[in-house]
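I opened my notebook to record what I looked up in one protein model. The entries follow the order in which I checked things.

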Amino acid sequence: MSSGLEAHFRNILREWKRVLMEEVDRTVHHMQDEAANFPDPNDRATQESEFTMELRARDRERKLIKKIDEAFAALDAHEYGFCEQCGDEIGIRRLEARPTATLCIECKTLSEMRERHVSS
């Protein structure tokens with residue numbers, strides 16, 4: 001991958017991570033500001049349910065941030081954009097759609113087919 005493309009994907013990943021980190025900060029402030037001890041059990045349950053959903057979303061984002069950091073490491077090692085399974089190039093269009101992709105479309109498709117077959 002050319003240094004220009006590497007810089008392009010670094011910028012995409014950096015911006016994506018920045019947005020996710022802002023969302024984490026926003027969640028922390030929201031939970032601190034909105035935390036209340038409601039006397040009504042229904043109101044308390046609703047708040048706890050909302051917090052649980054928010055924390056679940058943040059957990060998914062935490063995992064995504066880890067993948068973004070792994071993509072940065074691959075960029076540093078000049079291994080970004082190559083399939084972890086077969087070693088072929090992943091393809092710019094796929095990386096544009098999913099900058100944290102580690103498998104080419106063929107290997108990802110096979111992986112999903114195996115996954116469906118095992119869970120059936």
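These entries go from the overall build to single residues.

**Entry 1: ground rules.** I noted that this is a predicted model, in which local features need pLDDT of at least 70, side-chain atom pairs count only at pLDDT 80 or more, and totals for chains, interfaces and linings use all residues. Residues are numbered from 1 along each chain as its sequence is written, and side-chain values use heavy atoms, with hydrogens and water left out.

**Entry 2: overall build.** I looked up the secondary structure and found four helices and zero strands. Helices here are DSSP runs of H or I with at least four residues, strands are runs of E with at least two, and both are numbered from the N terminus. Along the sequence the pattern reads α-α-α-α.

I then checked the dimensions. The C-alpha atoms fill a box of roughly 60 × 40 × 20 Å along the principal axes. The radius of gyration is 19 Å, whereas a compact globule of 120 residues would have one near 14 Å. That radius is taken over C-alpha atoms, and the globule rule is 2.2 Å times the number of residues to the power 0.38.

**Entry 3: surface and contacts.** The protein exposes about 8600 Å², with carbon and sulfur atoms supplying 53% of it; the area comes from the Shrake-Rupley method with a 1.4 Å probe. Of the 120 residues, 25% count as buried. Buried means under 20% relative accessible area, exposed means over 50%, and partly exposed lies in between (1.4 Å probe, protein chains only).

I also looked at contacts, meaning heavy atoms within 4.5 Å. Among those between residues at least 6 apart in sequence, 53% join residues at least 24 apart.

**Entry 4: helix α2.** Does the length of α2 agree or disagree with its residue count? The expected span is 1.5 Å times one less than the number of residues. For the 36 residues of α2 (residues 41–76) this gives 52 Å, and the end C-alpha atoms are 52 Å apart, so the two agree. After α2 comes H78, whose phi is positive, near 60°.

I placed L55 in α2. L55 is partly exposed, because its relative accessible area is 46%. Its C-alpha atom is separated by 14 Å from that of E34, 21 residues away along the chain.

Entry 5: I found S3 in α1, and at 61% relative accessibility S3 counts as exposed. S3 and V28 are 25 residues apart in sequence and 37 Å apart in space, C-alpha to C-alpha.

Next I looked for aromatic pairs: rings of Phe, Tyr and Trp (its six-membered ring) with centres within 6.5 Å, stacked if the planes are under 30 degrees apart, edge-to-face if over 60, and otherwise tilted. The count is one. F9 and Y80 form this tilted pair, at 5.4 Å centre to centre and 50° between the planes. F9 lies in α1 (residues 3–34) and Y80 in the loop between α2 and α3 (92–97), so the pair ties together parts 71 residues apart in sequence. F9 is buried at 0% relative accessibility, and Y80 is buried at 5%.

**Entry 6: the core.** A nonpolar core is a set of buried Ala, Val, Leu, Ile, Met, Phe, Trp, Tyr and Cys residues joined through side-chain atoms within 4.5 Å. The largest one has 18 residues, of which L13, I68, Y80, C83 and L95 touch the most other members. The elements giving two or more residues to this core are α1 and α2, and α2 gives the most, with seven.

I followed up I68. Leaving aside its neighbours within four places in sequence, I68 is in contact with L13, W16, K17, L20 and T100.
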